[in-house]
Amino acid sequence: MTGKLSKTEDAPPEGSVPMVRAQGVHKSFGHVEVLKGIDLEVKPGEVFCLIGPSGSGKSTFLRCINHLEKINAGRLYVDGELVGYRQKGDKLYELKDSEVARKRRDIGMVFQRFNLFPHMTALENVMEAPVQVKGASRTQARERAMQLLERVGLADRAGHYPSQLSGGQQQRVAIARALAMDPKLMLFDEPTSALDPELVGDVLDVMRDLAESGMTMVVVTHEMGFAREVGDSLVFMDEGVVVESGHPRDVLTNPQHQRTQSFLSKVL
Amino acid sequence: MNDIEKTAGDPGENPRENLGENPGGYSTPPAGPEAIKAIPVRHYGRYVSALVAIAILVATVYAFSQGDINWHAVPDYFFDHRIITGVYKTLLLTVLSMLIGITGGIVLAIMRLSKNPVTSSIAWFYIWFFRGTPVLVQLFLWFNLGLVFHYINLMPIYKDYWSNFMTPLLTALLGLGLNEAAYMAEICRAGLLAVDEGQTEAAHALGMSHSRTLRRVIIPQAMRVIVPPTGNEVINMLKTTSLVAAVQYPELFRYAQDIGQNSGAPVEMYFLAAAWYLIMTSVLSVGQYYIERYYARGSSRQLPPTPWQKVRANMFSLGRPKGAVSA
């Protein structure tokens with residue numbers, strides 16, 4: 001749907017730039033150091049899962065990727081371009097707000113608490129960014145929004161306001177809203193944590209469908225089942241560092257580090 | 001839901017198919033125990049307090065009707081052309097000064113919340129000054145500012161003496177509008193702060209700029225918080241316009257005073273003015289209700305009924321026990 005080739009079972013296309021590359025990323029809030037040097041790479045077309053106890057910095061890292069948080073040290077690249085800065089020689093220049101906004105168009109984000117616009121219907125929520133940011137015509141945007149709502153199984157709820165939808169439905173509208181900008185990367189910040197258990201499945205189905213279509217996804221999650229089935233890579237974070245990484249099956253079934261073992265024994 | 005229907009005793013049928021219709025066994029009320037018919041408690045205190053209140057009311061009305069007031073003067077002058085002009089000018093003043101107030105208030109609120117320390121302290125200072133001084137004093141200050149500025153000179157466009165420039169209307173508008181802006185700023189600020197931070201993040205994550213986020217996402221949601229107190233401000237403003245009689249601008253109250261002095265019925269004209277102010281504030285209250293209803297969309301599952309819908313619901317529910325119909 002992004003015009004990219006659908007995902008193959010083999011390695012990503014040759015010579016491709018990593019979709020996300022982090023090198024020694026540090027982030028502090030005041031005196032509290034939340035990220036203490038994160039190094040990782042997300043390949044195009046990959047479903048990349050971040051797990052770890054709360055307060056481990058995984059959500060903060062996710063928010064750094066689209067510059068909702070500024071990093072204090074290290075380098076963070078999306079699709080080969082530096083996030084939030086421009087490098088000339090050995091000097092870094094902060095990007096203007098408008099330039100940051102331009103880059104965010106290509107990165108979709110789904111929040112734990114949905115953050116739908118409550119004064120707009122589901123359809124208007126999905127249409128908003130294409131019309132306002134991309135300058136799409138209302139007719140075009142409406143048509144596309146209806147397709148997306150269809151895709152997440154909510155075409156019949158197009159005229160409903162968020163307050164009239166269940167949590168699971170709201171989250172699926174939020175996914176459709178992010179997809180409407182045709183992003184090349186999707187960030188999921190604990191997308192099912194605020195949902196009633198019986199609603200989690202619908203949202204995970206939509207995410208699974210999205211993964212199969214070849215979307216690059218970075219997912220902060222507590223859904224170990226989803227990580228194992230859909231994930232291509234998995235990183236376990238604790239206290240601001242990457243403790244262990246690898247294929248989800250390996251890390252989840254045969255964790256090497258003691259901290260990973262104790263975390264997994266609590267959640268599995 | 002399903003559990004209840006299952007226990008209702010139709011294990012053979014799929015309860016989901018029966019949703020919406022009356023599932024088996026519910027068409028007639030179950031033949032349970034007899035409904036309770038008890039003698040209600042008598043609230044004698046309520047009768048007494050109602051009687052006392054009515055007695056005081058009657059006595060007051062009687063006193064006014066017997067007082068030294070020529071009531072016929074009120075209907076005689078009620079639609080006098082000067083009064084009608086006054087009503088028109090009062091409304092004009094209210095609308096224009098509220099426009100100045102709301103625009104100024106939004107600008108000041110955004111200044112107050114800005115990260116620039118200079119703009120935010122200027123806004124703070126403005127609010128401090130205009131909220132801290134009486135509006136009547138401010139009106140006189142504007143009126144007499146000619147002592148400071150002898151001329152007004154906008155080089156190529158306009159040049160005149162201050163006293164010619166500062167007409168009573170302009171004095172009134174500036175005095176009322178700029179004072180109102182200080183109050184509106186605080187109302188707007190509270191509204192903007194009431195919108196969840198996640199909304200800004202979601203809008204930014206979609207690639208919306210600051211100003212677009214403000215216009216499309218934050219302000220429409222802030223309106224729900226801003227509109228009710230703003231309605232009160234409009235009603236307050238309508239009444240406060242009577243103060244500008246002091247700076248020579250003729251509006252309802254001033255015309256009523258003039259007529260009262262010429263016709264020898266001053267008190268009667270105050271009653272007349274009061275009646276007109278009441279009519280106008282009542283109309284405004286109704287308008288406020290509908291505007292609030294508009295901005296409530298999306299925030300509650302069901303819009304509150306309009307007064308007309310309420311009347312209709314009440315008519316249909318007549319004769320039925322209370323509570324049987326959810327209005």
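# Reading rings, strands and turns: a tutorial

Mentor: Let us start with the aromatic rings: across all chains, the structure holds 12 aromatic pairs. Keep in mind that this is a predicted model.

Trainee: How are the rings of B:Trp124 and B:Trp128 arranged?

Mentor: Look at two things, the distance between ring centres and the angle between planes. Planes under 30 degrees apart count as stacked. For B:Trp124 and B:Trp128, the centres are 6.2 Å apart and the planes meet at 5°, so this pair is stacked.

Trainee: Where do B:Trp124 and B:Trp128 lie in chain B?

Mentor: Both belong to helix H5 (residues 117–132) of chain B. They are four residues apart, which is about one turn of the helix. As for B:Trp124, its relative accessibility is 44%, so it counts as partly exposed.

Trainee: Which kind of pair do B:Phe125 and B:Trp128 form?

Mentor: That pair is tilted, with 40° between the planes and 5.4 Å from centre to centre. B:Phe125 and B:Trp128 also share helix H5 of chain B, three residues apart, again about one turn. B:Phe125 has a relative accessible area of 48% and is partly exposed.

Trainee: Which residues do ring pairs link into a cluster?

Mentor: Follow the pairs from ring to ring, and you will find B:Phe64, B:Trp71 and B:Phe271 linked into a cluster.

Trainee: Rings can have charged neighbours too. What sits over the ring of A:Tyr77?

Mentor: The charged end of A:Arg21 does, 4.9 Å from the ring centre. You can find another case at A:Tyr93, where the charged end of A:Lys88 sits over the ring, 5.8 Å from its centre.

Trainee: A:Arg21 makes me curious about strands. Which residue is the bridge partner of A:Arg21 in E2(A)?

Mentor: To read a strand, ask which strand lies beside it and in which direction the two run. In E2(A), A:Arg21 has A:Glu41 as its bridge partner. Strand E1 (residues 20–29) of chain A is joined to E2(A) by eight bridges, and the two run antiparallel.

Trainee: What is the order of the strands in the open sheet of four strands?

Mentor: The order is E2-E1-E4-E5 in chain A, with antiparallel pairing. At the edges are strand E2 (32–42) and strand E5 (81–82) of chain A, each pairing on one side only.

Trainee: And E8(A) and E9: do they pair in the parallel or the antiparallel sense?

Mentor: E8(A) and strand E9 (residues 185–189) of chain A pair in the parallel sense, over four bridges.

Trainee: Which way do the residues of strand E8 point?

Mentor: In strand E8 (residues 107–110) of chain A, A:Ile107 and A:Met109 point one way, while A:Gly108 and A:Val110 point the other way. All of them are buried.

Trainee: Now the backbone. What is phi of A:Asp182 near?

Mentor: The general idea is that most residues other than glycine have a negative phi. In A:Asp182, phi is near 50°, a positive value in a residue other than glycine. A:Asp182 is in the loop between helix H5 (167–179) and E9 of chain A. With a relative accessible area of 31%, A:Asp182 is partly exposed.

Trainee: Is A:Glu190 buried or exposed?

Mentor: Residues under 20% relative accessible area are called buried. A:Glu190 has 10% relative accessibility, so it counts as buried. Phi of A:Glu190 is also positive, near 45°, and the residue lies in the loop between E9 and helix H6 (197–212) of chain A.

Trainee: Let me step back to whole chains. How many helices and strands does chain A have?

Mentor: Chain A has nine helices and 12 strands. Buried residues make up 53% of its 268 residues. For a chain of 268 residues, a compact globule would have a radius of gyration near 18 Å, and chain A agrees with its 18 Å. The C-alpha atoms of chain A fill a box of roughly 50 × 50 × 40 Å along the principal axes.

Trainee: How many helices and strands are there in chain B?

Mentor: Chain B holds 13 helices and two strands. Of its 327 residues, 30% count as buried. Chain B exposes about 21,100 Å², and carbon and sulfur atoms supply 64% of that area.

How values were computed. Residues are numbered from 1 along each chain as its sequence is written. Chains are lettered from A and ligands numbered from 1 in the order in which they are written. This is a predicted model: local features need pLDDT of at least 70, side-chain atom pairs count only at pLDDT 80 or more; totals for chains, interfaces and linings use all residues. Side-chain values use heavy atoms; hydrogens and water are left out. Buried means under 20% relative accessible area, exposed over 50%, partly exposed in between (1.4 Å probe, protein chains only). Two strands pair if DSSP finds at least two bridges between them. Rings of Phe, Tyr and Trp (its six-membered ring) pair if their centres lie within 6.5 Å; planes under 30 degrees apart count as stacked, over 60 as edge-to-face and the rest as tilted. A charge sits over a ring if NZ of Lys or CZ of Arg is within 6 Å of the ring centre and within 35 degrees of the ring normal. The radius of gyration is taken over C-alpha atoms; the globule rule is 2.2 Å times the number of residues to the power 0.38. Accessible areas come from the Shrake-Rupley method with a 1.4 Å probe; for residues, only the protein chains shown count as cover.
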